[in-house]
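Please examine the sequence and the structure shown below before reading on.

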Amino acid sequence: QVQLVESGGGLVQAVGSLRLSCAASGRIYSINTMGWYRRAPGKQRELVATITTGITTNYADFVKGRFTISRDSAKNTVYLQMNVLKPEDTAVYYCYALLKARDTGIPLPYWGQGTQVTVSS
């Protein structure tokens, strides 16, 4: 079994900051890409940022310059530093990992349960 557990969400005022963390645990053989997606009320889930094993990052245009993704491969953990938060960043943020579990042949996507981020104006 593999689990992704997020932490760090909460309520913050506009232009404030939050840091999300997501730790993967269980029968993991290797992790490829890790990242964050979000789903705002009434909207579809959308990509926020991803980071590969080689530390190549990719950001959605709406977070460039404000959010920073990083990872600690030794801890199977990915982080999202969110600065200059806006009310439109309010959403449930989901951790994502493309990983190969032990005893499986191919990498598969895994998701966390989500953490709520609410930005007040």
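What percentage of the 121 residues of the protein count as buried? In this predicted model, 40% of the 121 residues are buried. The points below are grouped by topic.

**Fold and dimensions**
- The protein contains 11 strands and zero helices.
- Read from the N terminus, the order of elements is β-β-β-β-β-β-β-β-β-β-β.
- The radius of gyration is 14 Å, close to the 14 Å that the globule rule gives for 121 residues, so the protein is as compact as a globular protein of that length.
- Along the principal axes, the C-alpha atoms fill a box of roughly 50 × 25 × 25 Å.
- Of the contacts between residues at least 6 apart in sequence, 56% join residues at least 24 apart.

- In soluble globular proteins, nonpolar side chains tend to be buried together.
- The largest nonpolar core here comprises 32 residues, and Trp36, Leu80, Met82 and Tyr93 have the most contacts inside it.
- At least two residues of this core come from each of β1 (2-7), β3 (18-26), β4 (28-39), β5 (46-51), β7 (67-72), β8 (77-82), β9 (91-101) and β11 (115-120).
- The strand that gives the most to this core is β9, with six residues.

Conventions
Residues numbered from 1 in each chain as written. Predicted model: local features only at pLDDT ≥ 70, side-chain atom pairs only at ≥ 80, totals over all residues. Heavy atoms only, no water. Helix = DSSP H or I, 4+ residues; strand = E, 2+ residues; numbered from the N terminus. Rg over C-alpha atoms; globule rule 2.2 N^0.38 Å. Buried < 20%, exposed > 50% of the residue type's maximum accessible area, 1.4 Å probe, protein only. Contact = heavy atoms within 4.5 Å. Core = buried A, V, L, I, M, F, W, Y, C linked by side-chain atoms within 4.5 Å.
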